[in-house]
Structures are given as structure tokens and as C-alpha cells.
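Reader: I'd like to go through this structure with you. Can we take it piece by piece?

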Amino acid sequence: MSETPSTRPDETGAQPGPQPRPHRIAVLALPGVPPFELGIPSRVFGSAVGEDGEPLYEVTVCTADGAPVLSDAGFTVQPAAGPEALTAADTVIVPPTHAMPELGRGGPLPPAVAAAIAGIRPGTRLVSICTGSYVLAAAGLLDGRPATTHWNLALEFRRAYPRVRLDEDVLFVDDGDVLTSAGVAAGVDLCLHVIRRDHGAATANRAARMCVVPPWRDGGQAQYIDRPVPEPTVATTTATRAWALDRLDAPLTLAELAAHAGMSLRTFTRRFRDEVGTTPVQWLTAQRLELARGLLETSDLPVDLVAHRAGFGSGNSLRQHMRAALGVSPIAYRRTFHSREPAAAAG
């Protein structure tokens with residue numbers, strides 16, 4: 001988290017050192033912005049607090065020139081700031097716009113928007129929600145990089161921005177300092193992912209509970225599922241997923257999951273993918289990783305015991321899965337997100 005100096009002396013008269021300040025987020029409201037997507041960053045990041053209840057983020061809604069903009073719902077958005085907020089931000093978030101059709105043809109950004117984005121400091125983290133990716137692409141900020149947008153616009157986006165490595169089959173893409181998400185609710189997923197990346201799963205889970213949303217959906221999960229809501233007469237995998245979550249430490253097999261659901265292996269696998277957007281094995285691994293991350297953050301359990309409780313069987317297996325999914329070892333993850341060094345941790 002960034003720091004800002006404090007000039008108030010403490011009770012002894014000594015001058016204190018720099019005090020942490022909230023991470024500054026600027027949300028760029030463009031003409032035709034949907035109110036729901038515009039409100040996502042303020043709601044999600046505003047719910048992220050530290051252990052003492054201190055806010056971890058400061059969210060400011062701004063416009064390219066400081067003037068109000070008309071949302072796509074027909075009412076005007078009065079910003080708190082102008083382009084200066086983009087210059088001062090640690091993270092800039094661009095929600096979608098439904099009033100710039102020229103971007104769908106690869107056209108240029110309006111001059112004021114282009115100037116505002118050009119003023120963003122190098123190294124600032126950039127985030128787009130849904131068709132906010134068009135704005136980043138039009139500014140040349142996605143050239144040669146992986147990104148996503150709403151699945152229904154993939155063909156148009158590819159034609160307009162062929163230099164972007166588009167993947168419309170995922171909820172969001174994290175490319176380090178540039179992150180992009182698919183439509184609507186995927187923006188919530190991406191904001192929670194950013195909180196998790198900055199402060200760990202426990203903080204992100206607290207924010208999710210405050211927003212009453214699911215705490216975690218893997219960015220690689222499919223955007224578009226043909227049959228997300230089964231017919232009332234069709235059996236679902238919901239109960240089996242809940243059953244499995246209570247038994248993540250057990251070596252669950254696909255046959256056991258199918259048997260619990262009362263389905264054949266083939267039917268269970270197909271229905272699971274229809275409902276969840278991924279395979280049962282991929283889903284189980286993701287849930288086990290989430291459990292392991294929570295244990296690494298909140299306990300001093302040795303890595304081998306964390307692996308056992310999360311269902312990975314051995315510390316080596318956990319290390320392999322964490323490196324593949326997160327690019328870090330369990331010990332490195334714990335050092336980043338645990339408030340103190342673990343008393344006994346096997347590396």
C-alpha cells in the first residue's frame with residue numbers, strides 16, 4: 001500500500017514515520033456509461049478494509065474534462081474530479097461506454113479522453129470492465145497483450161483491434177499492470193481478484209461478504225454457459241458441489257461425485273460443465289487452492305499440513321499447483337499475506 005508522510009508528532013513529541021494511505025483508484029466515467037458497472041469499483045473496493053477497519057482503497061469517480069456525463073440510463077453523473085484524478089491514481093478503472101460507436105470500428109478516442117488517458121503516470125495499474133477494453137485498446141495500451149471483453153463483441157473487437165490477443169472465453173485476464181474483464185458481473189469478479197492480489201483472500205472474502213456476492217470465481221472460468229439454469233425437472237450438481245466443499249481434504253474421485261449426484265459419469269460431467277463452466281476436476285482444484293490460500297494467510301500450519309487439509313495430499317503437490325496457478329510457492333505466498341512469520345513452516 002502506498003505511503004504518505006504524516007506531520008503530527010506522537011505523545012512523546014517524536015516525529016512519526018510515514019503513515020500508510022489508502023491505494024488511490026480513479027474510475028473514469030465516459031458518456032453512455034451504464035450505472036451498474038460504474039458503481040462496481042466504489043462498492044467493491046469501498047468494502048475492503050484492514051483488520052482494524054481502516055479503508056484500504058480511496059475511490060474517486062472522474063471524467064475526462066471534469067464535466068458531468070450522461071449515463072445510458074438517462075440520468076447525469078456528476079463526477080467528483082476531472083482528469084487530475086487519473087494523474088494521481090495508483091489504479092485507473094475504465095467502465096464500459098455505450099456512446100462511442102466509433103471505437104467498435106477502430107476509430108480514435110475523443111480528444112479529451114485521449115488527453116486524459118495520456119496523462120496517466122507510467123506504471124499505473126489499468127483495469128477495464130466489459131467494453132472499457134475498447135478504450136484501452138483505442139489508446140494502444142492493449143497492443144500485443146492478452147485481454148478480454150464481452151463475448152458477444154469478440155468478432156467486432158478482433159476486427160477493430162487485431163494487435164490485441166483477445167480471449168473471449170474467460171471472465172477476466174490479469175496481465176500484471178493491465179487487467180481486463182468481461183461483461184457486468186465479471187467486473188465484480190475482477191475487482192475482488194485485485195483485492196485478493198493486493199491483500200490476500202481473507203480481505204477479499206470480507207469485502208465479498210459485505211457486498212453479498214460470491215467470494216471467488218476463477219478468471220479462467222467460461223464467460224458464456226449455454227444452460228446456466230436447468231429445467232425444474234432436471235437434476236443439478238448443486239448439492240454435490242456443496243457436499244464436496246465439506247470434504248475437500250478427502251481424495252474425491254469423479255466416480256464418487258457422480259454417484260452422489262445419482263448420475264452416470266458422462267451425464268454428471270456434461271451437466272457440471274453446463275452449470276459451472278468448467279470440469280469437475282478443474283473446479284475441485286480451484287476450491288482446494290482457495291482453501292489452501294486461506295490457511296496460509298490465517299494460520300501457522302506447516303505447508304505439508306496445509307496441503308493435507310486442502311486435499312492436495314503432499315506439500316510438493318501444493319507447491320506445483322500454486323506455482324502453476326499463482327506463480328509463487330506456498331512460503332512466498334504466506335510471507336506476502338500473513339501478518340507475521342509462521343512459527344513452524346516446512347518449505
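Predicted model: local features only at pLDDT ≥ 70, side-chain atom pairs only at ≥ 80, totals over all residues.

Reader: Start with strand 3. Which strands does strand 3 run parallel to, strand 4 for one?

Author: Strand 3 runs parallel to strand 4 (residues 57–62), and six bridges join them. Strand 3 also runs parallel to strand 7 (residues 91–94), with three bridges in that pairing.

Reader: Which residues stand opposite each other, say for alanine 26?

Author: Alanine 26 faces threonine 60 in strand 4. On the strand 7 side, isoleucine 25 is opposite threonine 91.

Reader: Why is strand 3 largely enclosed by the rest of the structure?

Author: Because five of its six residues, in the range 23–28, are buried.

Reader: And what does strand 3 make with helix 1 and strand 4?

Author: Together, strand 3, helix 1 (residues 35–46) and strand 4 form a right-handed β-α-β unit.

Reader: Switching to charges. How many salt bridges are there?

Author: The count is ten salt bridges. One of them pairs arginine 125 with aspartate 198, with 2.9 Å between the closest N and O atoms. Arginine 125 is in strand 8 and aspartate 198 in helix 6 (residues 185–199), so the pair ties together parts 73 residues apart in sequence.

Reader: Is arginine 125 buried or exposed?

Author: Arginine 125 counts as buried, at 8% relative accessibility. Aspartate 198 is partly exposed at 28%.

Reader: What does arginine 145 form a salt bridge with?

Author: Arginine 145 forms one with aspartate 175, and the closest N and O atoms are 2.7 Å apart. Both sit in loops: arginine 145 between helix 4 and strand 9, aspartate 175 between strand 11 and strand 12, 30 residues apart. Aspartate 175 is partly exposed, at 26% relative accessibility.

Reader: And glutamate 168, what is its salt-bridge partner?

Author: Arginine 158, with the closest N and O atoms 2.8 Å apart. Glutamate 168 lies in the loop between strand 10 and strand 11, and arginine 158 in helix 5 (residues 154–160), so the pair ties together parts ten residues apart in sequence. Glutamate 168 is buried at 19% relative accessible area, where the cut-off is under 20%. Arginine 158, at 37%, is partly exposed.

Reader: Last one. Where does arginine 273 lie?

Author: Arginine 273 lies in helix 10 (residues 265–276). Arginine 273 is partly exposed, at 44% relative accessibility.

Note on methods:
Residues numbered from 1 in each chain as written. Heavy atoms only, no water. Helix = DSSP H or I, 4+ residues; strand = E, 2+ residues; numbered from the N terminus. Buried < 20%, exposed > 50% of the residue type's maximum accessible area, 1.4 Å probe, protein only. Pairing = 2+ DSSP bridges. Right-handed = clockwise from strand over helix to strand, strands pointing away. Salt bridge = Lys/Arg side-chain N within 4 Å of Asp/Glu carboxyl O.
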